[in-house]
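Have the viewer open as you read.

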Amino acid sequence: MQSKAKISLDGCISHADFEPGKSMGSASVNLSDELIDHWVTLFPSDRACLPAMPQGMTSVLVMRAYMEILSPRPPGNVHAGQSFRMQGTVNVGDHVTTEIVCEKKWQKNGRNWVELATTSRDGAGNTVFTGAMTMIWAV
Amino acid sequence: MDLKPTLNMVEFDVQMDKIHLYADIVDDYNPIHVDPEFAAASPMGGVIAHGTMSLALVWQSLRATYDAERLQDADVSIRFVKPVRVGDTLTAGGDLGDDAEYRIWVRNQAGVDVINGRARVRQSNL
């Protein structure tokens, strides 16, 4: 399942395209065996979490959704901050759908800032974690 | 209150093959992360690791300190404050504040914060 807001007809998504309160879209990621295998190769101690998802993989689910939904992006964006609040358990094999909403945007010292609120839900529609990404948008 | 005064520390050596593996995991092949030639010519002056790879260490530090139940509604908020370079050795940990929140950090081998922020875990009912 995926949906994506049509933001710009041509070129990259710009700071002007963000509207506070507007959903940017949603995308689903399968927490597959292959993804888990890669993760525990990188972080072997996280094998102890299985079959529950290691909490560090919240970023994986959100970043994969972000890159699918907010595309194409201008080069030079900076990921300045991140928050997560756990609300449920994700297990290997689950499909998690993340919706991204523009929470707010502003300019400071000549830089374009945007805060994106994320809500990640399991296949039954239960919220498993929420978060916020703070980005410096290049253009 | 049964919160421990410090989080158990975890370490991670940043190597190029690990960055490539993380790129596969998040499907993020931004050349600033995976192309040394491109990155060297960029304002960053070289490859930088994905920020969220270092953020994973915060969760590992929390889990090295508390069991899964205590992290069921954990709340973590961080800033990425310095780039992480190939060859860096990172250490993650945290110190409990008076407000029952941990001041969390990930530091490089020079003791410089690359990530800092706060985290809250569930307090047990004693």
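Of the 126 residues in chain B, 37% are buried, where buried means that 20 or more other C-beta atoms lie within 10 Å of a residue's own, exposed means 12 or fewer, and partly exposed is in between, with C-beta atoms placed from the backbone. A quick word on the ground rules: this is a predicted model, in which local features need pLDDT of at least 70 and side-chain atom pairs count only at pLDDT 80 or more, while totals for chains, interfaces and linings use all residues. Residues are numbered from 1 along each chain as its sequence is written, and chains are lettered from A and ligands numbered from 1 in the order in which they are written.

**Confidence and chain B overall**

The predictor gives the model an ipTM of 0.94 and a pTM of 0.93. Chain B has a mean pLDDT of 95, with 98% of its residues at 70 or more; pLDDT is the predictor's confidence in each residue, from 0 to 100.

Chain B holds four helices and five strands, in the order β-α-α-α-α-β-β-β-β from the N terminus. Helices here are DSSP runs of H or I with at least four residues, strands are runs of E with at least two, and both are numbered from the N terminus. The C-alpha trace of chain B spans about 55 × 25 × 20 Å along its principal axes. Take the contacts in chain B between residues at least 6 apart in sequence: 64% of them join residues at least 24 apart. Two residues are in contact if their C-beta atoms, placed from the backbone, lie within 7 Å.

**Helix α1 of chain B**

Now zoom in on α1(B), residues 16–26, where B:Tyr22, B:Ile25 and B:Val26 are buried. Looking down the axis of α1(B), those buried residues fall within an arc of 80°, so they line one face of the helix; the arc is that of the directions from the helix axis to the C-beta atoms. What do the buried residues of α1(B) pack against? They pack against α1 and α2 of chain A, together with α4 (51–65) of chain B.

B:Asp27 isn't a glycine, yet has a positive phi of about 60°. It counts as partly exposed because 13 other C-beta atoms lie within 10 Å.

B:Asp99 counts as exposed because it has 9 C-beta neighbours inside 10 Å. Its C-alpha atom is separated by 20 Å from that of B:Gln72, 27 residues away along the chain.

**Where the chains meet**

Two strands pair if DSSP finds at least two bridges between them.

| Strands, antiparallel | Bridges | A bridge pair |
|---|---|---|
| β3(A) and β2(B) (residues 75–80) | five bridges | A:Ser83 and B:Ser77 |
| β2(A) (residues 23–30) and β4(A) (residues 95–108) | seven bridges | A:Ala27 and A:Thr98 |
| β4(A) and β5(A) (residues 111–121) | 11 bridges | A:Gln107 and A:Asn112 |

β4(A) and β5(A) form a hairpin with two residues between them. In its turn sits A:Asn109, with a positive phi of about 50°, although A:Asn109 is not a glycine. A:Asn109 counts as exposed because it has 5 C-beta neighbours inside 10 Å.

The bond from A:Leu50 to A:Pro51 is cis, with omega near 10°, and A:Pro51 sits in the loop between α1 and α2 of chain A. A:Ser71 and A:Pro72 are joined by a cis bond too, with omega about 0°; A:Pro72 lies in the loop between α2 and β3 of chain A.
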